[in-house]
Amino acid sequence: MPRLDGPVPFRARGFAPRESTAAAAATLLLILALWQVAAWLGWISTTFLSTPMDIARAIIALARSGELWANVSVSLQRLVIGWAAGTAAGLAVGFAAGLWSLARSPGMAAVSALFPIPKIALVPLFIIWFGIGEGSKIITLAFGVFFPTVIATVAGIDGVPRGLIRMGQSFGLSRRSIVRKIVLPGALPAILAGFRITTATGIILLVAAEMIGAEKGIGAFVLSAGNLYDVDNLMAGIVLLSALGLAVSWLIGRIERMLLGWR
(Lines give C-alpha, C1' and ligand atoms only; values in the text may rest on other atoms or scores of the structure.)
Protein backbone atom coordinates (compact mmCIF):
# COMPACT_ATOMS: atom_id res chain seq x y z
CA MET A 1 0.00 0.00 0.00
CA PRO A 2 1.56 3.39 -1.01
CA ARG A 3 2.40 5.88 1.69
CA LEU A 4 -0.04 8.75 2.02
CA ASP A 5 2.28 11.16 3.85
CA GLY A 6 4.97 11.38 1.17
CA PRO A 7 5.24 13.84 -1.74
CA VAL A 8 2.86 13.30 -4.63
CA PRO A 9 4.70 12.82 -7.93
CA PHE A 10 3.93 15.31 -10.67
CA ARG A 11 2.15 13.49 -13.48
CA ALA A 12 0.64 16.30 -15.57
CA ARG A 13 3.49 16.54 -18.05
CA GLY A 14 1.21 16.99 -21.07
CA PHE A 15 2.05 16.03 -24.62
CA ALA A 16 5.18 17.92 -25.64
CA PRO A 17 7.21 16.00 -28.23
CA ARG A 18 10.71 17.38 -28.58
CA GLU A 19 12.56 17.94 -31.80
CA SER A 20 15.96 16.35 -32.28
CA THR A 21 18.29 17.95 -34.81
CA ALA A 22 20.56 14.90 -34.68
CA ALA A 23 17.68 12.53 -35.47
CA ALA A 24 16.50 14.69 -38.36
CA ALA A 25 20.00 14.93 -39.83
CA ALA A 26 20.55 11.20 -39.39
CA THR A 27 17.30 10.46 -41.24
CA LEU A 28 18.30 12.59 -44.22
CA LEU A 29 21.79 11.10 -44.29
CA LEU A 30 20.33 7.59 -44.16
CA ILE A 31 18.07 8.33 -47.14
CA LEU A 32 21.03 9.71 -49.12
CA ALA A 33 23.19 6.71 -48.21
CA LEU A 34 20.49 4.21 -49.28
CA TRP A 35 20.01 6.17 -52.49
CA GLN A 36 23.74 6.07 -53.27
CA VAL A 37 24.07 2.37 -52.43
CA ALA A 38 21.04 1.51 -54.60
CA ALA A 39 22.70 3.32 -57.53
CA TRP A 40 25.99 1.48 -56.96
CA LEU A 41 24.14 -1.86 -56.94
CA GLY A 42 22.36 -0.99 -60.18
CA TRP A 43 18.90 -0.88 -58.63
CA ILE A 44 18.49 2.71 -59.84
CA SER A 45 19.33 3.80 -63.38
CA THR A 46 21.66 6.80 -63.23
CA THR A 47 20.49 7.76 -66.72
CA PHE A 48 17.20 8.97 -65.29
CA LEU A 49 18.11 9.64 -61.63
CA SER A 50 21.47 11.05 -60.61
CA THR A 51 23.24 9.79 -57.52
CA PRO A 52 23.77 12.04 -54.48
CA MET A 53 27.49 12.24 -55.33
CA ASP A 54 26.74 13.37 -58.91
CA ILE A 55 24.29 15.96 -57.60
CA ALA A 56 26.85 17.23 -55.09
CA ARG A 57 29.45 17.59 -57.87
CA ALA A 58 26.91 19.50 -60.00
CA ILE A 59 26.11 21.89 -57.12
CA ILE A 60 29.84 22.49 -56.48
CA ALA A 61 30.38 23.23 -60.18
CA LEU A 62 27.45 25.67 -60.16
CA ALA A 63 28.82 27.38 -57.06
CA ARG A 64 32.27 27.78 -58.61
CA SER A 65 30.86 29.21 -61.82
CA GLY A 66 28.69 31.71 -59.93
CA GLU A 67 25.51 30.42 -61.54
CA LEU A 68 24.27 28.98 -58.25
CA TRP A 69 24.07 32.27 -56.39
CA ALA A 70 22.84 34.13 -59.49
CA ASN A 71 19.74 31.93 -59.61
CA VAL A 72 19.22 31.46 -55.87
CA SER A 73 19.48 35.17 -55.06
CA VAL A 74 16.85 36.09 -57.67
CA SER A 75 14.46 33.40 -56.40
CA LEU A 76 15.00 34.42 -52.77
CA GLN A 77 14.24 38.04 -53.55
CA ARG A 78 11.00 37.12 -55.30
CA LEU A 79 10.01 34.73 -52.52
CA VAL A 80 10.63 37.22 -49.72
CA ILE A 81 8.80 40.10 -51.39
CA GLY A 82 5.84 38.03 -52.59
CA TRP A 83 5.45 36.12 -49.33
CA ALA A 84 5.73 39.27 -47.20
CA ALA A 85 3.13 41.12 -49.30
CA GLY A 86 0.68 38.22 -49.26
CA THR A 87 1.19 37.59 -45.55
CA ALA A 88 0.70 41.25 -44.59
CA ALA A 89 -2.52 41.47 -46.58
CA GLY A 90 -3.71 38.09 -45.26
CA LEU A 91 -3.08 39.06 -41.64
CA ALA A 92 -4.93 42.35 -42.09
CA VAL A 93 -7.99 40.69 -43.65
CA GLY A 94 -7.81 37.75 -41.24
CA PHE A 95 -7.82 39.94 -38.15
CA ALA A 96 -10.61 42.09 -39.57
CA ALA A 97 -12.76 39.03 -40.33
CA GLY A 98 -11.91 37.46 -36.98
CA LEU A 99 -12.69 40.51 -34.86
CA TRP A 100 -15.46 42.46 -36.62
CA SER A 101 -18.83 41.17 -37.74
CA LEU A 102 -19.05 43.65 -40.63
CA ALA A 103 -15.91 42.17 -42.22
CA ARG A 104 -16.62 38.54 -41.35
CA SER A 105 -19.19 37.53 -43.96
CA PRO A 106 -17.84 39.57 -46.92
CA GLY A 107 -14.24 38.58 -46.20
CA MET A 108 -14.85 34.87 -45.76
CA ALA A 109 -17.23 34.78 -48.75
CA ALA A 110 -14.52 36.21 -51.00
CA VAL A 111 -11.91 33.81 -49.59
CA SER A 112 -14.21 30.81 -50.02
CA ALA A 113 -14.94 31.77 -53.62
CA LEU A 114 -11.35 32.49 -54.73
CA PHE A 115 -9.25 30.14 -52.61
CA PRO A 116 -10.14 26.91 -54.54
CA ILE A 117 -8.90 28.40 -57.84
CA PRO A 118 -5.51 26.83 -58.72
CA LYS A 119 -3.05 29.71 -58.50
CA ILE A 120 -0.73 28.16 -61.08
CA ALA A 121 -3.55 28.43 -63.62
CA LEU A 122 -3.64 32.19 -63.00
CA VAL A 123 0.03 32.75 -63.86
CA PRO A 124 -0.65 33.35 -67.59
CA LEU A 125 -3.41 35.79 -66.66
CA PHE A 126 -1.12 37.68 -64.29
CA ILE A 127 1.50 37.86 -67.06
CA ILE A 128 -1.12 39.44 -69.33
CA TRP A 129 -2.12 41.93 -66.64
CA PHE A 130 1.27 42.78 -65.11
CA GLY A 131 3.74 41.84 -67.84
CA ILE A 132 6.41 39.19 -67.98
CA GLY A 133 8.67 41.02 -65.52
CA GLU A 134 8.90 40.78 -61.75
CA GLY A 135 5.39 42.08 -61.11
CA SER A 136 3.55 39.00 -62.37
CA LYS A 137 5.77 36.63 -60.36
CA ILE A 138 5.43 38.57 -57.11
CA ILE A 139 1.67 38.94 -57.55
CA THR A 140 1.39 35.19 -58.12
CA LEU A 141 3.23 34.46 -54.86
CA ALA A 142 1.30 37.09 -52.90
CA PHE A 143 -2.05 35.87 -54.24
CA GLY A 144 -1.26 32.26 -53.33
CA VAL A 145 -0.03 33.13 -49.83
CA PHE A 146 -2.90 35.51 -49.03
CA PHE A 147 -5.76 33.02 -48.73
CA PRO A 148 -4.14 30.41 -46.43
CA THR A 149 -2.96 33.26 -44.21
CA VAL A 150 -6.51 34.61 -43.89
CA ILE A 151 -7.90 31.18 -43.05
CA ALA A 152 -5.17 30.41 -40.48
CA THR A 153 -5.60 33.82 -38.83
CA VAL A 154 -9.39 33.56 -38.56
CA ALA A 155 -9.12 29.99 -37.25
CA GLY A 156 -6.56 31.07 -34.67
CA ILE A 157 -8.76 33.93 -33.45
CA ASP A 158 -11.83 31.69 -33.31
CA GLY A 159 -9.82 29.18 -31.26
CA VAL A 160 -9.05 31.66 -28.47
CA PRO A 161 -11.12 30.67 -25.40
CA ARG A 162 -13.97 33.13 -25.08
CA GLY A 163 -13.79 32.81 -21.32
CA LEU A 164 -10.43 34.60 -21.36
CA ILE A 165 -11.87 37.42 -23.45
CA ARG A 166 -14.85 37.81 -21.10
CA MET A 167 -12.49 37.81 -18.14
CA GLY A 168 -10.48 40.62 -19.71
CA GLN A 169 -13.67 42.57 -20.33
CA SER A 170 -14.80 42.05 -16.75
CA PHE A 171 -11.51 43.53 -15.53
CA GLY A 172 -12.10 46.62 -17.67
CA LEU A 173 -9.43 46.02 -20.29
CA SER A 174 -9.78 48.05 -23.45
CA ARG A 175 -10.48 46.35 -26.78
CA ARG A 176 -6.92 47.06 -27.90
CA SER A 177 -5.49 45.51 -24.74
CA ILE A 178 -7.66 42.42 -25.12
CA VAL A 179 -6.51 41.95 -28.70
CA ARG A 180 -2.85 42.52 -27.82
CA LYS A 181 -2.69 40.54 -24.56
CA ILE A 182 -5.28 37.77 -25.10
CA VAL A 183 -6.33 37.34 -28.72
CA LEU A 184 -2.94 37.72 -30.40
CA PRO A 185 -1.03 35.31 -28.09
CA GLY A 186 -3.88 32.79 -28.31
CA ALA A 187 -4.06 32.95 -32.11
CA LEU A 188 -0.29 33.02 -32.67
CA PRO A 189 0.25 29.22 -32.75
CA ALA A 190 -2.30 28.81 -35.55
CA ILE A 191 -0.88 31.79 -37.45
CA LEU A 192 2.68 30.42 -37.27
CA ALA A 193 1.43 26.99 -38.34
CA GLY A 194 -0.13 28.75 -41.32
CA PHE A 195 3.24 30.31 -42.10
CA ARG A 196 4.68 26.82 -42.61
CA ILE A 197 1.99 26.12 -45.20
CA THR A 198 2.28 29.48 -46.95
CA THR A 199 6.07 29.30 -47.29
CA ALA A 200 5.79 25.90 -48.96
CA THR A 201 3.00 27.24 -51.18
CA GLY A 202 5.15 30.24 -52.02
CA ILE A 203 8.06 28.06 -53.13
CA ILE A 204 5.77 25.97 -55.35
CA LEU A 205 4.25 29.04 -57.00
CA LEU A 206 7.68 30.63 -57.33
CA VAL A 207 8.95 27.70 -59.37
CA ALA A 208 5.82 27.65 -61.53
CA ALA A 209 6.04 31.38 -62.25
CA GLU A 210 9.74 31.17 -63.07
CA MET A 211 9.19 28.23 -65.40
CA ILE A 212 6.59 30.14 -67.40
CA GLY A 213 8.38 33.44 -67.80
CA ALA A 214 11.83 34.05 -66.32
CA GLU A 215 15.44 34.04 -67.41
CA LYS A 216 16.90 33.66 -63.92
CA GLY A 217 15.77 31.76 -60.86
CA ILE A 218 15.74 28.18 -59.66
CA GLY A 219 12.56 27.40 -61.59
CA ALA A 220 14.01 28.72 -64.84
CA PHE A 221 17.22 26.80 -64.20
CA VAL A 222 15.33 23.53 -63.59
CA LEU A 223 13.28 24.03 -66.76
CA SER A 224 16.39 24.74 -68.82
CA ALA A 225 18.21 21.67 -67.46
CA GLY A 226 15.15 19.51 -68.17
CA ASN A 227 14.94 20.75 -71.76
CA LEU A 228 18.61 19.81 -72.24
CA TYR A 229 18.15 16.40 -70.55
CA ASP A 230 20.85 17.45 -68.08
CA VAL A 231 19.74 15.19 -65.24
CA ASP A 232 22.57 16.17 -62.87
CA ASN A 233 21.76 19.88 -63.00
CA LEU A 234 18.03 19.14 -63.00
CA MET A 235 18.39 17.16 -59.77
CA ALA A 236 20.73 19.83 -58.38
CA GLY A 237 17.98 22.41 -58.85
CA ILE A 238 15.45 20.16 -57.14
CA VAL A 239 17.85 19.63 -54.22
CA LEU A 240 18.30 23.40 -53.95
CA LEU A 241 14.53 23.80 -53.69
CA SER A 242 14.43 21.14 -50.98
CA ALA A 243 17.26 22.88 -49.12
CA LEU A 244 15.39 26.18 -49.40
CA GLY A 245 12.30 24.56 -47.90
CA LEU A 246 14.36 23.09 -45.04
CA ALA A 247 15.97 26.47 -44.34
CA VAL A 248 12.61 28.25 -44.25
CA SER A 249 11.14 25.55 -42.00
CA TRP A 250 14.10 25.87 -39.62
CA LEU A 251 13.68 29.66 -39.53
CA ILE A 252 9.98 29.40 -38.72
CA GLY A 253 10.80 26.85 -36.02
CA ARG A 254 13.21 29.32 -34.42
CA ILE A 255 10.52 32.03 -34.54
CA GLU A 256 8.02 29.65 -32.92
CA ARG A 257 10.41 28.85 -30.08
CA MET A 258 11.08 32.54 -29.56
CA LEU A 259 7.45 33.70 -29.60
CA LEU A 260 5.75 30.66 -28.07
CA GLY A 261 8.14 29.95 -25.22
CA TRP A 262 5.32 30.74 -22.79
CA ARG A 263 3.65 27.45 -23.69
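Reply: **Fold and salt bridges**

From the N terminus on, the chain runs α-α-α-α-α-α-α-α-α-α. That gives ten helices and zero strands. The model is predicted. Its radius of gyration is 24 Å, well over the 18 Å that the globule rule gives for 263 residues, so the chain is more spread out than a compact globule. The C-alpha trace spans about 70 × 65 × 30 Å along its principal axes. Buried residues account for 36% of the 263. Take the contacts between residues at least 6 apart in sequence: 72% of them join residues at least 24 apart.

Now the charged pairs. Side chains of opposite charge can pair when their charged atoms come close. This structure holds five salt bridges.

**E134 and R78**

R78 is buried, at 5%. The cut-off for buried is under 20%, so R78 falls in that class. This pair also belongs to a network: R78, E134 and E210 are linked by salt bridges.

**D158 and R104**

Helix 6 takes part again. D158 forms a salt bridge with R104, and the closest N and O atoms are 2.7 Å apart. D158 lies in helix 6 and R104 in helix 4 (residues 101–114), so the bridge ties together parts that are 54 residues apart in sequence. D158 counts as partly exposed, at 36% relative accessibility. R104 counts as partly exposed too, at 29%.

**E256 and R196**

The next pair is E256 with R196. Their side chains meet in a salt bridge at 3.0 Å, N to O. E256 lies in helix 10 (residues 231–259) and R196 in helix 8 (residues 175–212), so parts 60 residues apart in sequence are tied together. E256 is buried, with a relative accessible area of 19%. The cut-off is under 20%, so the value places E256 in the buried class. R196 is partly exposed, at 30% relative accessibility.

For contrast, look at a helix pair with another kind of contact. Two packed helices are described by the angle between their axes and the distance between the axes. The axes of helix 1 (residues 21–40) and helix 2 (residues 52–65) come within 8 Å. They cross at roughly 110°. Helix 1 and helix 2 are therefore roughly perpendicular to each other. Helix 1 brings L32, W35, Q36 and W40 to the contact. Helix 2 brings P52, M53 and I55. By class, that makes six nonpolar residues, one polar and no charged ones.

**Putting it together**

Follow helix 6 through the pairs. Helix 10 and helix 8 are joined through E256 and R196.

Methods:
Residues numbered from 1 in each chain as written. Predicted model: local features only at pLDDT ≥ 70, side-chain atom pairs only at ≥ 80, totals over all residues. Heavy atoms only, no water. Axes fitted to C-alpha atoms, helices over the stretch in contact; angles between N-to-C directions. Helix = DSSP H or I, 4+ residues; strand = E, 2+ residues; numbered from the N terminus. Parallel < 35°, antiparallel > 145°, perpendicular 65-115°, else oblique. Contact = heavy atoms within 4.5 Å. Nonpolar A, V, L, I, M, F, W, Y, C, P; charged D, E, K, R; others polar. Salt bridge = Lys/Arg side-chain N within 4 Å of Asp/Glu carboxyl O. Buried < 20%, exposed > 50% of the residue type's maximum accessible area, 1.4 Å probe, protein only. Rg over C-alpha atoms; globule rule 2.2 N^0.38 Å.
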